[in-house]
Amino acid sequence: MENELIIEEIKKLKVERNAVILSHFYTRGEVQEVADFIGDSLSLCKAAVSSKADVIVFAGVHFMAESAAIISPQKTVLLPVPDAGCPMADMVTAESLRAAKEKHPEAAVVCYVNSSAAVKAESDICCTSANAINVVNSIEEREIIFIPDKNLGAFVSLHTDKKIHLWPGFCHVHDNISEENLEELKKFHPDAEFLAHPECRPEVLKFADRVLSTSGIVNEVESSGSTEFIIGTEREIVRNLKRKYPGKKFYPASEKTFCYNMKKITLEAILNSLQNMEYEIHVPENIRVKAKRTLDRMLEISRS
Ligand code: 13P
Ligand code: SF4
């Protein structure tokens with residue numbers, strides 16, 4: 001079926017099912033065109049809570065859809081491709097986290113939303129790349145186990161005097177950006193503003209003019225007086241920005257920043273999802289309730 005026909009069918013089914021499509025910025029361009037809301041992890045969590053829809057189709061990866069199902073249990077949450085996962089989220093398990101908690105009994109666990117429901121249930125509070133520093137500084141405990149992203153954890157540790165135990169997790173997409181990439185780009189584009197996601201390595205972040213979540217990067221391009229930018233995150237953002245700001249120049253920090261899991265979500269998969277109500281996210285109630293507490297605590301301090 002041609003894209004136009006698929007889009008028409010998706011629009012019809014959205015009305016019939018009272019459904020919304022929430023999409024992360026890293027999905028394919030054509031997927032973002034059918035989305036009702038496009039955002040970063042934090043704004044997607046908020047959109048899931050505030051939506052009046054009965055059905056949420058999540059154009060993103062598993063932990064995002066699962067977070068929506070945790071905080072909005074009265075809604076049906078669908079992930080169009082069940083194996084669209086996040087390798088970083090799989091780098092910590094509830095079992096390995098319990099062992100770390102035994103080793104550091106005084107520490108609070110701050111858990112990046114890129115994690116499973118079972119891991120969230122074992123944690124004290126969640127964070128996203130947009131609020132991680134605030135979350136860490138807002139809690140009482142002086143000692144923190146920060147899971148699973150070592151790069152985000154290292155970035156946070158520069159902005160707090162708390163003792164942070166880093167976890168050896170990382171995002172292969174952002175970790176692909178090297179110091180050499182930046183040295184080269186800076187040489188050729190000395191006036192470009194370098195906007196980097198905190199999942200990048202510390203040696204890359206030291207070149208950054210601003211370290212921001214994906215929404216933060218998009219907003220900074222809009223408000224900044226600069227006309228040239230080096231973008232240190234998934235490359236779909238570069239395509240979006242080029243389309244939206246044809247008068248500005250954008251250079252990807254690396255050509256290898258491709259999240260293949262986000263790209264698994266296609267228009268065909270969304271259509272199938274709405275036609276057959278697939279694939280519904282189920283979280284066992286005992287885990288959901290505990291995981292919701294950690295997400296609610298985060299949302300509480302990230303209201304605006
Ligand atoms: P944000 O959406 O918080 O910027 O995080 C990026 C990411 O890697 C999502 O998987
Ligand atoms: Fe996971 Fe990285 Fe893809 Fe985000 S960009 S979903 S952290 S693999």
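A: In helix 12, T214, S215, G216, I217, V218, E220 and V221 are buried. Helices here are DSSP runs of H or I with at least four residues, strands are runs of E with at least two, and both are numbered from the N terminus. This is a predicted model in which local features need pLDDT of at least 70, side-chain atom pairs count only at pLDDT 80 or more, and totals for chains, interfaces and linings use all residues. Residues are numbered from 1 along each chain as its sequence is written, chains are lettered from A and ligands numbered from 1 in the order in which they are written, and side-chain values use heavy atoms, with hydrogens and water left out.

Q: What do the buried residues say about helix 12 (residues 214-223)?
A: Because 7 of its 10 residues are buried, helix 12 is largely enclosed by the rest of the structure.

Q: Which residues of helix 14 are buried, and what covers them?
A: Contact means heavy atoms within 4.5 Å. L267, A269, I270, L271, S273 and L274 are the buried residues of helix 14. Their cover includes helix 1, strand 1 (19-24), helix 2 (29-34), strand 3 (55-59) and strand 4 (76-78).

Q: At what angle do helix 1 and helix 14 pack?
A: Axes are lines fitted to C-alpha atoms, for helices over the stretch in contact, and angles run from 0 to 180 degrees between N-to-C directions. Helix 1 (residues 3-17) packs against helix 14 (residues 267-276) at about 30°, with the axes 9 Å apart. That makes the pair roughly parallel, a label for angles under 35 degrees, with over 145 roughly antiparallel, 65 to 115 roughly perpendicular and the rest oblique.

Q: Which residues of the two helices meet?
A: From helix 1, N3, I6, I7, E9, I10, L13, K14 and R17 meet L267, E268, I270, L271, L274 and Q275 of helix 14.

Q: Which residues touch the most other members of the largest nonpolar core?
A: In soluble globular proteins, nonpolar side chains tend to be buried together. A nonpolar core is a set of buried Ala, Val, Leu, Ile, Met, Phe, Trp, Tyr and Cys residues joined through side-chain atoms within 4.5 Å. Of the 110 residues in the largest one, I10, V110, F146, I147, I231, I270 and M298 touch the most other members. Helix 4 (residues 62-71) gives the largest share, 7 residues.

Definitions and conventions. Buried < 20%, exposed > 50% of the residue type's maximum accessible area, 1.4 Å probe, protein only.
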